[in-house]
Structure formats: C-alpha cells, structure tokens
Amino acid sequence: MKTSSVFLCFLSLSFSFLIYGQRSQSKAYVADLKEITDIMMYDVTSPVAAARYYAYSTLASYELLAYRDKQHSSFFDFFQRPIQNSFPEPMDLKNPVMAYRYALLFSASKLLPSGNKLQNRIGSLKSALSASEVCYIEAFVTSIVAYANQDGFLQLNNLKRYTPKRGPAFWQPTKPAYMAPIEPNWNSLSPLFLNSADQFLTKPPVKYDLDPKSEFYKLLLEVKQITDLNNKEYNEKAAFWDCNPYAISQIGHLEFGLKKISPGGHWMGIAGIASLKAGFKTDKTILTHTLLALTLHDALIACWDEKYRSDRVRPETVINRTMDKTWSPLLQTPPFPEYVSGHSVVSSASAEILTLIFGPKFPFRDTTEKEFGLKTRRYKSFQQAADEACISRLYGGIHYRDAIDEGVWQGKKIANYVIDKTKSSFPYNK
C-alpha cells in the first residue's frame with residue numbers, strides 16, 4: 001500500500017514537473033516575441049511592417065516544427081506564392097523548443113532594421129545548441145527570409161512617391177508633425193493566403209458632403225460630439241487601444257516619439273496572454289501566434305489597399321477647416337488616410353482567429369498596455385475586446401463610424417477565408 005502511494009506520488013510529481021516545463025517553454029517563446037515587439041517600438045515600425053515581421057518570424061519557427069514533425073501541416077501548402085528555396089534535410093534536434101525559439105529570433109534579427117539588438121538573446125540560445133544544429137536552423141531560416149524578401153518589400157523605395165490629392169475630400173497631413181503618409185504602396189506586396197490585395201473590397205466610403213442633412217455631415221458631427229463629451233469611460237477605452245507608433249509629444253519646439261505598440265503588436269500580446277493562461281504546450285503556442293500573424297499580414301495589405309484607394313480625409317482636418325480650428329481629437333491622428341479603420345480590421349480579424357483556438361467564452365486580463373502606464377482591462381471574450389477596440393477609434397476622434405463598420409467586415413472576411421482554407425489540416429481548437 002505504501003509502495004503504491006509512493007509510486008502515485010512520484011507519478012503526480014513527474015506530471016506536475018512536465019506541465020510546468022511545458023508552460024515554462026511556452027512562456028520563454030512569448031517572452032521572445034515580446035523582445036521582438038520592443039525592438040519594433042524602438043524602430044517606430046509601421047503597423048503594416050510590424051505585421052509582416054511577425055508573420056515571417058513566427059512562420060520560421062512554425063515551419064521548422066512542421067518540417068521535422070510531420071504531424072504538423074505546412075502553411076506553404078496554402079499560400080498563393082510557392083517557395084522557391086529548398087530547405088536542408090531534417091535533422092534530429094536534442095532540444096526542439098530551443099531550436100524553434102532560435103529560428104524565431106534569428107529570422108527576426110535578419111528582418112528587423114535593429115535586429116542586431118537580439119544578439120544577446122540569440123547567443124544564450126546558441127550556447128544550448130550544437131554547432132551542427134545551429135548551422136541547420138540558420139540554413140532553414142535563410143530559406144524563409146529569402147521567401148520573405150521576394151514579396152515586393154525590398155522594391156518599395158523604388159516605387160512612385162505619394163502626393164496628397166487636391167480637394168477637401170482627400171487626406172492631408174495632420175498635426176503635430178504633419179508627417180508624410182505611411183507606406184502608400186503597401187498593396188504592391190504579395191499576400192500569403194489572399195489572391196490579391198483587393199479580394200475583399202469594402203463598400204466605398206460615404207461621399208464627402210458638408211450639407212447638414214448629408215450622411216457624411218452626420219458622421220462628422222458624431223465624431224466631434226462624442227469626443228467633446230470628454231466621457232471618462234470612452235477616454236479610457238480610446239487610450240488603451242491607441243496603438244499609434246507615430247504618437248508624438250511636443251514640448252515647446254521639440255518633439256519626442258512616445259514609442260507605442262502597433263495594433264497587431266497589441267493582439268500578439270493578447271495571444272501570448274491567452275496561450276499561457278490556457279497552459280498550451282510550445283507547439284500550440286507557436287501555431288497560435290503564427291496563424292494570427294499570417295492573418296494580420298494579409299489583412300493589413302487589404303486594409304492599406306483601401307486606404308489609398310479611397311484616400312479619405314481625417315475628421316480632424318475637416319473639423320478644423322469647417323467647424324472649429326482649435327479642435328483636436330483625443331488621440332493623435334495617425335499619418336495615413338482614414339478609410340477603412342486599420343485597428344478595426346486588425347481587431348476583428350484577431351478575434352476570429354483567437355476565438356477559433358480558445359473558444360467564444362475565454363475570459364482574460366489584458367495587461368499589454370501596463371508598461372505604458374495604463375490599467376489592466378478585463379474581457380469576457382476576444383469578441384468583446386475587439387468590439388471595444390473598434391469603437392475606441394470613434395471615441396478617440398480619429399475615425400468615422402462607417403470606416404469602423406467596414407473595417408470590421410473586412411477583418412472578419414479575411415480571417416474566415418484563412419480559417420476555411422486551412423482548418424481541415426490544422427488542430428486549431430483541439
């Protein structure tokens with residue numbers, strides 16, 4: 001009897017250590033991604049570029065996993081652009097999780113402008129791997145990076161520069177920095193799953209019209225009236241979901257970048273929070289982040305395609321010109337056209353992906369913005385968080401309601417297209 005009890009106790013302890021080890025490894029992967037996010041903030045990476053970096057970095061770690069473990073499908077089977085580069089022959093890895101983390105960080109170091117800041121983290125992993133393992137992983141990642149660099153990104157600087165159109169209906173630079181528009185040619189990049197950037201076209205924006213009876217004027221007035229309420233709850237929601245990498249603080253004649261996270265970065269943070277709460281093993285944590293990142297990559301290509309097609313003026317510009325020249329939105333207006341709302345596309349797409357994996361009733365505490373001095377917010381579901389993120393753009397005074405509604409539509413459409421295309425081959429909700 002005593003022997004049996006001791007044996008059961010031993011099994012229980014062994015199982016506990018196994019679970020703890022799995023969670024610890026997932027926690028390390030999430031921490032690696034946070035380091036990548038921090039470097040993007042340092043670089044003031046645009047929302048679209050951030051999504052691209054997340055996509056290819058997580059893809060490198062996932063595909064290494066799938067390539068050596070045939071129980072996992074490859075995403076390349078579902079991309080519209082085939083990979084041209086061959087991978088090295090699979091090898092046995094003594095510590096696969098260390099290898100997946102190394103692939104994530106090594107690929108990010110090659111893609112991010114300040115990727116060299118990852119060298120310390122990469123070095124600590126490198127010391128835990130054999131020389132042959134390191135060579136194998138780096139050769140594998142080199143093929144992924146080569147694939148990424150064939151998407152049109154490297155040619156962006158050679159494309160025609162954007163010039164703001166003349167006319168009151170079109171976007172113009174806004175204060176305080178009056179920055180040039182960000183990434184006007186992003187729709188020239190090759191999507192991963194989508195056939196083209198315009199595969200899921202939104203409705204055209206409401207026509208510019210300052211007649212007080214017009215639909216546009218009603219949208220404009222709604223922005224001003226809601227912002228002028230100075231409602232505490234609305235303001236807190238707007239601030240929490242600001243996610244503007246280009247936000248600037250002005251002191252006299254000096255301007256300082258505030259270094260904020262991107263919308264995609266915020267949702268990648270939520271994916272990490274949820275993965276750890278659910279106690280996911282490392283492979284499921286990697287799959288979760290990769291699916292989300294790949295979806296956001298395509299969603300933002302589609303969003304930016306519409307932004308520079310409709311090229312609609314921001315509320316701040318119209319209100320200053322026609323209603324109140326001293327008015328300012330609660331949030332700083334980001335430096336690109338208004339329609340559709342990028343955060344609405346990102347948040348609605350993210351909610352679809354994470355609900356697929358974690359279920360429709362997964363409560364969580366969002367601590368993503370805590371480092372920026374904002375309180376933790378609690379949500380009963382990813383959909384509730386997405387709904388709040390989307391409407392926060394109206395509360396913040398930077399979007400009209402139709403841009404939010406159509407952004408939600410586009411984000412959901414793209415996420416469900418990705419899900420429908422891949423769900424039969426991936427254990428998303430198992």
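Q: What's the mean pLDDT?
A: The chain's mean is 93, and 93% of its residues reach 70 or more. pLDDT is the predictor's confidence in each residue, from 0 to 100.

Q: Where is it below 50?
A: Over residues 6-20. Beyond near neighbours in sequence, that stretch has zero contacts in the model. Contact means heavy atoms within 4.5 Å. Where pLDDT is low, the predicted coordinates should not be read in detail.

Q: Switching topic. How many cavities of 30 Å³ or more are there?
A: Three. A cavity is a set of points, on a 1 Å grid over the protein atoms alone, where a 1.4 Å probe fits but cannot get out; lining residues have an atom within 4 Å of a point. Grid points are joined across faces, edges and corners, and a volume is the space filled by probe spheres set on the points.

Q: What's the volume of the largest cavity, and which residues lie nearest its centre?
A: The volume is about 150 Å³. The lining has 20 residues, with P47, P263, F336, H343 and R393 nearest the centre.

Q: Which elements give two or more residues to that lining?
A: Helices α9 (282-310) and α11 (342-358). Helices here are DSSP runs (H or I, at least four residues), numbered from the N terminus.

Q: And by class, what is the lining of the largest cavity?
A: It has 12 nonpolar, four polar and four charged residues. Ala, Val, Leu, Ile, Met, Phe, Trp, Tyr, Cys and Pro count as nonpolar, Asp, Glu, Lys and Arg as charged, and the others, Gly among them, as polar.

Q: What about the second largest cavity?
A: Its volume is about 100 Å³. It is lined by 14 residues, and T174, K175, P176, M179 and T333 lie nearest its centre. The lining divides into nine nonpolar, four polar and one charged.

Q: What joins K175 and P176?
A: A cis peptide bond, with omega about 10°. P176 sits in the loop between α5 (131-148) and α6 (215-228). Another cis peptide bond joins Y339 and V340, with omega about 0°. V340 is in the loop between α10 (315-322) and α11.

Q: What about phi at N230?
A: It is positive, about 55°, although N230 is not a glycine. N230 lies in the loop between α6 and α7 (232-240).

Q: On to packing. At what angle do α2 and α9 pack?
A: About 145°, with the axes of α2 (residues 47-68) and α9 8 Å apart. Axes are lines fitted to C-alpha atoms, for helices over the stretch in contact, and angles run from 0 to 180 degrees between N-to-C directions.

Q: Which residues make that contact?
A: Among them are P47, A51, Y54 and L65 of α2, and D283, I286, L296 and W304 of α9. By class, the contact has 16 nonpolar, five polar and two charged residues.

Q: And α12 with α13?
A: Helix α12 (residues 382-395) and helix α13 (residues 401-422) cross at roughly 145°, and their axes come within 8 Å. Q383, C390, I391, R393 and L394 in α12 meet R401, I404, V408 and K412 in α13. That contact has five nonpolar, one polar and three charged residues. R393 of α12 is also among the residues nearest the centre of the largest cavity.

Key:
Residues are numbered from 1 along each chain as its sequence is written. This is a predicted model: local features need pLDDT of at least 70, side-chain atom pairs count only at pLDDT 80 or more; totals for chains, interfaces and linings use all residues. Side-chain values use heavy atoms; hydrogens and water are left out. On a 1 Å grid over the protein atoms alone, a cavity is a set of points where a 1.4 Å probe fits but cannot get out, and a pocket is an open set with protein on both sides within 12 Å along at least five of seven lines; lining residues have an atom within 4 Å of a point.
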